[in-house]
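This briefing sets out selected features of the structure shown below. The points are grouped by topic for reference alongside the coordinates.

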There are 2 protein chains.
Amino acid sequence: MTLKIYCFRMSQPSRAILIFCKANGIDFEEVTVDLTKGEHKLPEYKEINPFGQVPSIVDGDLKLFESHAILSYIACASPGVADHWYPSDVAKRAKINSVLDWHHSNLRRGAAPFCLHTILGPLLGIPMSPEAAAEAEKILTASLSQIESVWLNENGKFLLGNSEPSIADLSLVCEIMQFEILHEEDRIRVLTPFKKVLKWIEATRIATSPHFEEVHKVLLAAKSALHKLPLEEDYESMSSIKAMLP
Amino acid sequence: MTLKIYCFRMSQPSRAILIFCKANGIDFEEVTVDLTKGEHKLPEYKEINPFGQVPSIVDGDLKLFESHAILSYIACASPGVADHWYPSDVAKRAKINSVLDWHHSNLRRGAAPFCLHTILGPLLGIPMSPEAAAEAEKILTASLSQIESVWLNENGKFLLGNSEPSIADLSLVCEIMQFEILHEEDRIRVLTPFKKVLKWIEATRIATSPHFEEVHKVLLAAKSALHKLPLEEDYESMSSIKAMLP
């Protein structure tokens, strides 16, 4: 039975899982759960994920949600995934788990509400609050600063000083890639000070190219629609990351 | 070299790790990092955990923080830990990981600020806000309800319908045990409706007795000091959980 991935490409953890599977040649069926149409609230989807969130997977008898748990499961259950993605060494694996845990209560806690309260609210039927945006920006900026001073504070292009990416790199980078859809002044204010973060995003893109670009196309199309920008076919013309690099 | 656990027994994730190690006969040295004295902000502690939070561990060359990553590491790295704590089967392990991920963005996101904004603030030098307490209570109540309807919604005494506890049971139960120090009316209002949760806390205590009681003594002593209650030696006289059971 093929692995089924229930996801929505506008959701950052959905993209991380899709890129991971594509970059590792894992066979799967992508099932879109359109959040803007409320498909995540349908009873048939709640049979898979009672909390009604994306992403989820079904693999044989297993129904699983929470993107970090999904990434580590797929890395362990699929033959042929290179060890650097989720090392079998218990100490190395534990370090990657600690970045993923940190993600929940730091980067994600800032990034997700920041996008919601500066741009995405109306699309999802949620009222935006400038106070919530300001509070989210504080957590977000502190988190980006900690990524630079702690997680990227070693030699090596990737988190924890690694020379090749792990599932943590993909998960955190996809979170930050969501900022493509922000108002330009917000994106520039929040991201420009963090050159190490920008370089690491580029390194992760290159390590998973062309899947990274392909999976992010939907996001860049949404950016074009939201901000009335011409939609270019070419990823590099649409993405803002490279332009912010020194 | 002995495993060193840097912790503070008033911190719920610290207690989960201590109970886990004691219940599994794991040799370790407990190093208290007193949060009320600011010991987590000292440069020598930040060498271990740059974010200055407890718990952390040092095991040989490995420095590790984030309690879920620590629990899964110790379960995998220590010989003789019974499989039910963190199963080697990838699907079973993935389900436990998904509960732990859920914990971050749900139960913990409600429980920790609820304790902070109803009772603990002054002890930690953080101003309390009734609005933050009300917001936290909403998240907390929704989370407790989801534990009952989703995670405990199968036969079996423990999460996911298991007949024996996992690291997820210990982690979530220790989070809720923090409510011992709440004002009685807060604790009763929040916890009494959730009979399945209360039964599961008792089942987890019994499965890890007498370590559960021993590690929670500090919390019950703090409850006695905060609320000017007589300090009983006996755990059952001090704990409120059993009394709330039908």
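What is the relative accessible area of B:Glu214? In this predicted model, B:Glu214 has a relative accessible area of 33% and is partly exposed.

**Salt bridge in chain B**
- The side chain of B:Glu214 forms a salt bridge with that of B:Arg9, with an N to O distance of 2.8 Å.
- B:Glu214 belongs to helix α10 (residues 211–227) of chain B and B:Arg9 to the loop between β1 (3–7) and α1 (12–23) of chain B, so that the pair links distant parts of the chain, 205 residues apart.
- B:Arg9 is buried, at a relative accessible area of 14%.

**Salt bridges in chain A**
- Over all chains, the whole structure holds 28 salt bridges.
- One of them joins the side chains of A:Glu175 and A:Arg108 at 3.0 Å, N to O.
- Because A:Glu175 lies in helix α7 and A:Arg108 in helix α5 (residues 107–124) of chain A, this pair ties together parts that are 67 residues apart in sequence.
- A:Glu175 counts as buried at 2% relative accessibility, whereas A:Arg108 is partly exposed at 30%.
- A further salt bridge, at 2.7 Å (N to O), connects the side chains of A:Glu180 and A:Lys223, and both residues are buried.
- A network of salt bridges links A:Glu202, A:Arg205, A:Glu213, A:Glu236 and A:Lys242.

- Helix α7 (residues 167–177) of chain A is mostly covered, with 11 of its 11 residues buried; among them are A:Asp169, A:Leu170 and A:Cys174.
- At the start of α7(A), a side-chain oxygen of A:Ser166 comes to within 3.0 Å of the backbone nitrogen of A:Ala168.
- Strand β1 (residues 3–7) of chain A has 4 of its 5 residues buried and is therefore largely enclosed by the rest of the structure.
- β1(A) pairs with strand β2 (residues 28–32) of chain A in the parallel sense, over 5 bridges, and A:Lys4 stands opposite A:Glu29 of β2(A).

**Contact between chains A and B**
- Each side of the contact is listed separately: 27 residues from chain A and 27 residues from chain B.
- The two chains bury about 2200 Å² between them, 70% of it on carbon and sulfur atoms.
- Between chain A and chain B there are 0 salt bridges and 6 residue pairs in polar contact.
- On the side of chain A that touches chain B, α4(A) gives the most, with 11 residues.
- By class, that side has 15 nonpolar, 7 polar and 5 charged residues.

Key: Residues numbered from 1 in each chain as written. Chains lettered and ligands numbered in written order. Predicted model: local features only at pLDDT ≥ 70, side-chain atom pairs only at ≥ 80, totals over all residues. Heavy atoms only, no water. Contact = heavy atoms within 4.5 Å. Buried area = accessible area lost by both parts, 1.4 Å probe. Salt bridge = Lys/Arg side-chain N within 4 Å of Asp/Glu carboxyl O. Polar contact = N/O pair within 3.5 Å; in protein donor to acceptor, adjacent residues only side chain to side chain. Helix = DSSP H or I, 4+ residues; strand = E, 2+ residues; numbered from the N terminus. Nonpolar A, V, L, I, M, F, W, Y, C, P; charged D, E, K, R; others polar. Buried < 20%, exposed > 50% of the residue type's maximum accessible area, 1.4 Å probe, protein only. Pairing = 2+ DSSP bridges.
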